[in-house]
Amino acid sequence: MGAEAARRNWVAHAVLLLGVAIFAFPIYVALVGSTWDAATIGRGSMPLVPGPLGVENYVQAWTSGSGERVVGAPVGGMLWNSMLMALVIAFGKIGISIISAYAVVFFNFPGRMFFFWMIFVTLMLPVEVRIIPTYQVVVDMGLFDSFWGLTVPLIASATATLLFRQFFLTIPDELVEAAKIDGAGPIRFFFDVILPLSRTNIAALFVILFIYGWNQYLWPLLITKSKELETIVIGITKMIGTGDSQTDWNIIMATTIMAMLPPVLVVLFMQRWFVKGLVDSEK
């Protein structure tokens, strides 16, 4: 029995290691490519060991974003734009969603469930259906090619509102009554009871929403035109030329590696809270 269990564990670990290798190999190739010159990569003769130009390529990507063949924008500025965009979207979505869910669950006002279902119905609408009217509203408000036009339309989140509502429904009525007996009003109850109980949910949603904001492509492509507002995803796309001979792959790969670091660091830093927020049943 022990040998059979050990064999099953060995097979499971082998499959997991194979999956990690398949996932990590393209990242390793990009890391190696960021240390060679564009000609070596373009010829297809790049070895699978790091080259001598790593520091030079990363400094060039960070300061100018341009290579020998393509003119780009500094990666430092694009990373900053993506970081601000992802943080505003994540905190904005969480803030609006938790307040709206709190109002729907703990307040009794006319049309309460109607408004909730109106929010819920937006989950059934693809982004492409909503993006044209959203674009028109942003243009009419004079927010085209601005930071607020880039972030504010992406803040509303029906998914986060639904998740917070479902969690709030699990809070015992006795806890609500005890808070009322202690003289806690709606604001104090929200900050002293609801927020502490929701911290693991907030952490899990923050990781998901940060990555969502960081990876945005279609909306920044439509709503911005100036290089000062370019995000890292848009910048990488614009670095790619019409062919291998017109593309500085070494700069692109260095930019790609740097673009991966912030989301990876967020996941690593928030990993314990993220997992706890997804699986913790002791609400």
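Biologist: In which helix does Thr 151 lie?

Modeller: Thr 151 lies in helix 7. Helices here are DSSP runs of H or I with at least four residues, strands are runs of E with at least two, and both are numbered from the N terminus. This is a predicted model, where local features need pLDDT of at least 70, side-chain atom pairs count only at pLDDT 80 or more, and totals for chains, interfaces and linings use all residues. Residues are numbered from 1 along each chain as its sequence is written, and side-chain values use heavy atoms, with hydrogens and water left out.

Biologist: Is Thr 151 buried or exposed?

Modeller: Start with the cut-offs. Buried means under 20% relative accessible area, exposed over 50%, and partly exposed in between (1.4 Å probe, protein chains only). Thr 151 has a relative accessible area of 0%, so it is buried.

Biologist: With which residues is Thr 151 in contact, leaving aside its neighbours within four places in sequence?

Modeller: Contact means heavy atoms within 4.5 Å. By that rule Thr 151 touches Met 85, Val 88 and Ile 89.

Biologist: How many helices and strands are there in the protein?

Modeller: The protein has 15 helices and zero strands.

Biologist: What radius of gyration does the protein have?

Modeller: The radius is taken over C-alpha atoms, and the globule rule is 2.2 Å times the number of residues to the power 0.38. For 283 residues, a compact globule would come near 19 Å, but this protein has 24 Å. Its C-alpha trace spans about 75 × 70 × 30 Å along the principal axes. Of the 283 residues, 37% count as buried.

Biologist: Which residues have the most contacts inside the largest nonpolar core?

Modeller: A nonpolar core is a set of buried Ala, Val, Leu, Ile, Met, Phe, Trp, Tyr and Cys residues joined through side-chain atoms within 4.5 Å. The largest one has 42 residues, and Val 75, Phe 168 and Ile 232 have the most contacts inside it. Helices supplying at least two residues each include helix 4 (75-106), helix 8 (158-168) and helix 13 (232-239). Helix 4 gives the most, with 10 residues.

Biologist: Which residues does Ile 232 contact, leaving aside neighbours within four places in sequence?

Modeller: Ile 232 is in contact with Val 75, Met 78, Leu 79, Ser 82, Trp 214, Thr 255 and Ala 259.

Biologist: Which residues of helix 8 are buried?

Modeller: In helix 8 the buried residues are Ala 158, Ala 160, Thr 161, Phe 164, Arg 165, Phe 167 and Phe 168. They pack against helix 4, helix 5 (112-121), helix 10 and helix 11.

Biologist: Where does the charged end of Arg 165 sit?

Modeller: A charge sits over a ring if NZ of Lys or CZ of Arg is within 6 Å of the ring centre and within 35 degrees of the ring normal. The charged end of Arg 165 sits over the ring of Phe 116, 4.3 Å from its centre.

Biologist: How is a pair of aromatic rings described?

Modeller: A pair is described by the distance of the centres and the angle of the planes. Rings of Phe, Tyr and Trp (its six-membered ring) pair if their centres lie within 6.5 Å; planes under 30 degrees apart count as stacked, over 60 as edge-to-face and the rest as tilted. The count here comes to 16 aromatic pairs. Phe 147 and Trp 148 have ring centres 5.5 Å apart and planes at 70°, so that pair is edge-to-face. Phe 147 is partly exposed at 24% relative accessibility, whereas Trp 148 is exposed at 51%. Elsewhere, ring pairs link a cluster including Tyr 102, Phe 106, Phe 164 and Phe 190.

Biologist: What phi does Asp 145 have?

Modeller: Most residues other than glycine have a negative phi. Asp 145 is not a glycine, yet has a positive phi of about 60°. Asp 145 is in the loop between helix 6 (127-140) and helix 7 (147-151).
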